[in-house]
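Please consult the sequence and the model together while reading.

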Amino acid sequence: MCQSASNHRGTVTAVDRSGVPVTSCPACHGTDLEQVGNGASAFTSEIGGRQFFQPAYAVHACATCGLYCKSPILSPDQLDAYYAVLDGGTFEFDGDFPTDRILRRRLQDLRRGSKVLDFGCSTGRIWKGLTSRLQCFGVEPNAAAAAAARARGIEIIAETTVAGSGQRYDAIVLADVFEHLSDPMPVLRMLADRLAPGGWLAIVTGNADAITHRQRLAEFWYFRIPGHLIMLGERHLAWLSRQLGLAIEVHHCSHYRIGWRDRVRQRVQELAYDAFQTAPSGPAARVLRFVPRLSNAATWTAAPALTYRRDHVVALFSRRQD
């Protein structure tokens, strides 16, 4: 989700400034990785009173499966600490996300009593109003978020319980989780194996193909979040469909509901940043230097967060009826 920094008060511990290079594809483990566009600057995020430092990085594309990955990334210890303090309540909104609305339409079509699993359910936001007619299970390692999900009527179970049991689910949701996975295929294969005949697995995540300015892919807001490690596109979705042996249906949308004023503001910021990046001495940049606020774009170290675009997918992987 879009949270590059939270401003929670608390004692800030020493910042680990090391990073772990990624030398093989997190999905297929191939080593034919090619950098896409320019690198991006380092940044620090404060979450739950702790600071997390992302070193300067680049994004690479896997020639074999098409996955995009960030390198270097936070160390495993830093990632564990990040998730321990991440506040799931930050992502509670009065209005549904566009991605949530697509999911909920499909979930509402399930027969009463269907068993559903939300892998990485956070506070259970997606399941508002559905727990009374569906058997809802969730996996959530963050204790505070898991408690909020239980209060919504979701039965929290361990990942090992999902993997070790023979329980089958009519629908499995993996929303805003894929991008956090350092080794996604064992998780996806395990979840695919847990689908009942006719069941479906939903992956909700960012879509790298929506970023048309490929030179600035690394600056896309999705990669400016400490825990976001990977990103997919249409080619990787097709690869996943083959690997999992599941049919695929893809819906494209934005992640956030963005009003027209914010759309205009983001677009103007984007144009200002482009002017200073592509032609800092050009006529557009010279004019913008005299425009309050927009003149600041000359000093920005990364592209502004452009959340108005259709930069997300809801990918539904379906198992055929036996």
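The points below are grouped by topic, after a short note on the model and its conventions.

The model is predicted: local features need pLDDT of at least 70, side-chain atom pairs count only at pLDDT 80 or more, and totals for chains, interfaces and linings use all residues. Residues are numbered from 1 along each chain as its sequence is written, and side-chain values use heavy atoms, with hydrogens and water left out.

**Overall architecture**

- The protein chain contains eight helices and 13 strands; helices (H or I, at least four residues) and strands (E, at least two) are DSSP runs, numbered from the N terminus.
- Its radius of gyration is 20 Å, close to the 20 Å that the globule rule gives for 322 residues, so the protein chain is as compact as a globular protein of that length. The radius is taken over C-alpha atoms, and the globule rule is 2.2 Å times the number of residues to the power 0.38.
- The C-alpha trace spans about 65 × 45 × 40 Å along its principal axes.
- Residues 24 or more positions apart supply 73% of the contacts with a separation of 6 or more, where contact means heavy atoms within 4.5 Å.

**Surface and charge**

- Of the 322 residues, 52% count as buried; buried means under 20% relative accessible area, exposed over 50%, and partly exposed in between (1.4 Å probe, protein chains only).
- The accessible surface comes to about 14400 Å², of which 50% belongs to carbon and sulfur atoms. Areas come from the Shrake-Rupley method with a 1.4 Å probe, and for residues only the protein chains shown count as cover.
- There are 36 positive and 30 negative side chains, and the centres of the two sets lie 5 Å apart. Lys and Arg count as positive and Asp and Glu as negative, while His and the chain ends are not counted; each charge is placed at NZ of Lys, CZ of Arg, CG of Asp or CD of Glu.

- Helix α5 (residues 184-193) is mostly covered, with seven of its 10 residues buried. These are P184, M185, V187, L188, M190, L191 and A192.
- The partners of the buried α5 residues include strands β6 (115-119) and β10, as well as helix α6 (234-244).

**Selected residues**

- T205 lies in strand β10 (residues 195-206) and is buried, with a relative accessible area of 0%.
- The side chain of T205 makes a polar contact of 2.7 Å with the side chain of E179. A polar contact is a pair of N or O atoms within 3.5 Å; within protein, one must be able to donate a hydrogen and the other to accept it, and residues adjacent in sequence count only if both atoms are side-chain atoms.
- Beyond four places in sequence, T205 is in contact with residues including F178, Y222, L232 and H312.
- Q54, in strand β3 (residues 50-54), is buried at 0% relative accessibility. A polar atom of its side chain lies 2.8 Å from the backbone oxygen of P72.
- R309 sits in the loop between α8 (283-288) and β13 and is buried, with a relative accessible area of 17%.
- The C-alpha atoms of R309 and I211 are separated by 8.9 Å, although these residues are 98 residues apart along the chain. Leaving aside neighbours within four places in sequence, R309 is in contact with I211, F220, C253, S254 and E270.
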